[in-house]
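Good morning, colleagues. Please look at the model on the screen while I take you through its helix packing, its cores and a few individual residues.

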Amino acid sequence: MKISLIVIMTLTVVSTNAQEAWTMQQCMQYAVEHNHEVKRTELELDNYKAGRTGAIGRFLPAVDAGIGAQYNFGRAIDPETNGYTDVSTFYNGYSLSASLPVFDGFSRLHALKAAKASVLMGQSALRQKQDLTALNVLQAFANVSYYDGLVKMAKEKVEETTLLLKQVQVLEEVGRKSSADVAQVESQKAEADYELIRQQNLLASAVLELKKSMAYPIADTIRCETPTPCANNSQTGNELFPHWEQNIPTLGNNPELLASRYQMQASKHEWRQARASLFPSLSLSAGLNTTYYHTLHSDAGQSFRDQLKNNMGEYVGATLSIPLFNRLQTITNIRKAKNNYQIARENYEQKQLELAKLSREAWQDWQGYQKQAVQMTHKVETDSLAYQLTRRQFEEGLSTAIDLHTTSSQLLQSKATLLQCQLMAMVKEQLVRYYNGETIWTE
């Protein structure tokens, strides 16, 4: 009994958690954490960080150690007498060397700066991908909320027409309504049933699109919490973003623009790194080596330890490399790097213009939908009043079922348009925040 009770309680808790409604922020947060494109961008960022680590390592000395063994048989050179011998010998060598580039035309410095700019570019690209993923989920969430609202309106319409049909049938029995009126109301009831089924199908498709945008398991059930689009209507756009009042969008923190800017900086340092190949390079090197030699099948000769000590040699050197001619490869690389920098600069300037246009459009759309929502609120109120009056007149025999259907359809359309304006104002507000450089997918 105790085990059964525990199982029932566990299933109840799991069922309750599964039925909890997802908020807009929770959907966006889940999508950012599970989206495959975001994960690929994270791996690309890790590659940029690895490149930065490699660029830092170029400033450190290179240290190499080597061990070699050689078995000689037949005619060979005796390392003790430096003469030829035909006995079998064993030769063993050990070496340790280090090299450090002193000057390379600042190639390593520009490579490090390019790697740092690439890391910043990768971070901005990751944030851009996260924000775009969140915006896609936001649009899909708004669509689900829109069709969910239409389904609720359609259900209300079905209940209303069902009640009206019963009422008209009673009035027909007492002689106050004709069979034609009953037929018209039955037609409206069938139309309401059809509209409910259609909106339910559209809602199911919108939920599937939301799951896809979130990378959510398609087979699992998800229920969205109805948002409150008008929560921020007490504050106008100019109060939330004062700089927009002077028609000046702030795009400096936009991740898309930042990624383009850091790409331009990386290309600039890569161009300078290519030009560094024209300068001579200077490097220092040092090392030591020793050997061990033994004639096989002979007990003569020094011990291993003595030979390592006696044969020890050290060296210190400096190398100056002056580029003279490498079949125009340096000139070609410099030219390509310069063109890549100019392309990145053109892309950055173009991106500025595009984002300025898109941000202004988003701002205007946001303001427009807010104003439309206010007007549609008044229209819903007046259409509701007109429908109530027409229905009362229909009950008293002063209007027809066609008039009642017209006012009812007009009220339903007004409610749907108001809901659409409210949701689109919410979406456009988040889009303005994105262009303003804010992170929209965190609480």
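Let me begin with a definition: an axis here is a line fitted to C-alpha atoms, for helices over the stretch in contact, and angles run from 0 to 180 degrees between N-to-C directions. Helices (H or I, at least four residues) and strands (E, at least two) are DSSP runs, numbered from the N terminus. The model is a predicted one, in which local features need pLDDT of at least 70 and side-chain atom pairs count only at pLDDT 80 or more, while totals for chains, interfaces and linings use all residues. Residues are numbered from 1 along each chain as its sequence is written, and side-chain values use heavy atoms, with hydrogens and water left out.

First, the overall picture. The protein chain has ten helices and six strands. Of its 443 residues, 36% are buried, where buried means under 20% relative accessible area, exposed means over 50%, and partly exposed lies in between (1.4 Å probe, protein chains only). A contact means heavy atoms within 4.5 Å. Among contacts in the chain with a separation of 6 or more, 83% are between residues 24 or more positions apart.

I turn now to helix pairs. Two packed helices are described by the angle between their axes and the distance between the axes. The axes of H2 and H4 cross at roughly 135 degrees and come within 9 Å. Angles under 35 degrees count as roughly parallel, over 145 as roughly antiparallel, 65 to 115 as roughly perpendicular and the rest as oblique. H2 and H4 are therefore oblique to each other. Their crossing is right-handed; by definition, the near helix is turned clockwise from the far one by less than a right angle in a right-handed crossing, and anticlockwise in a left-handed one. On the H2 side the contact is made by Met-24, Cys-27, Met-28, Ala-31 and Val-32, and on the H4 side by Gln-130, Thr-133, Ala-134, Val-137, Leu-138 and Phe-141. By class, this contact of H2 with H4 comprises nine nonpolar, two polar and no charged residues. For these classes, Ala, Val, Leu, Ile, Met, Phe, Trp, Tyr, Cys and Pro count as nonpolar, Asp, Glu, Lys and Arg as charged, and the others, Gly among them, as polar.

The second pair is H5 (residues 179-214) and H10 (residues 401-435), whose axes come within 9 Å and cross at roughly 25 degrees. That angle makes H5 roughly parallel to H10. This crossing, too, is right-handed. Gln-184, Val-185, Gln-188 and Glu-191 of H5 meet Ala-401, Ile-402 and His-405 of H10. The contact of H5 with H10 has three nonpolar, three polar and one charged residues.

Which residues have the most contacts inside the largest nonpolar core? They are Leu-210 and Met-214, in a core of 57 residues. A nonpolar core is a set of buried Ala, Val, Leu, Ile, Met, Phe, Trp, Tyr and Cys residues joined through side-chain atoms within 4.5 Å. H4 contributes the most, with 14 residues. Apart from this core lies another, of 15 residues, including Leu-165, Ala-373, Val-380 and Leu-404.

Leu-196, in H5, is buried at 14% relative accessibility. Its C-alpha atom is 8.6 Å from that of Lys-152, 44 residues apart along the chain. Beyond neighbours within four places in sequence, Leu-196 contacts Val-151, Ala-154, Lys-155 and Val-158. Thr-41, in H3 (residues 36-57), is buried with a relative accessible area of 9%. With residues up to four places away set aside, Thr-41 touches Ala-125, Leu-126 and Lys-129. His-110, in H4, counts as buried at 13%. Again leaving aside neighbours within four places, His-110 is in contact with His-269, Arg-272 and Gln-273.

Finally, the backbone. Most residues other than glycine have a negative phi. Arg-327, although not a glycine, has a positive phi of about 60 degrees, and Leu-328, also not a glycine, has one of about 65 degrees. Arg-327 lies in the loop between strand S6 (313-321) and H9, and Leu-328 is placed in the loop between S6 and H9. Arg-327 is exposed at 69% relative accessible area, and Leu-328 is exposed at 51%.
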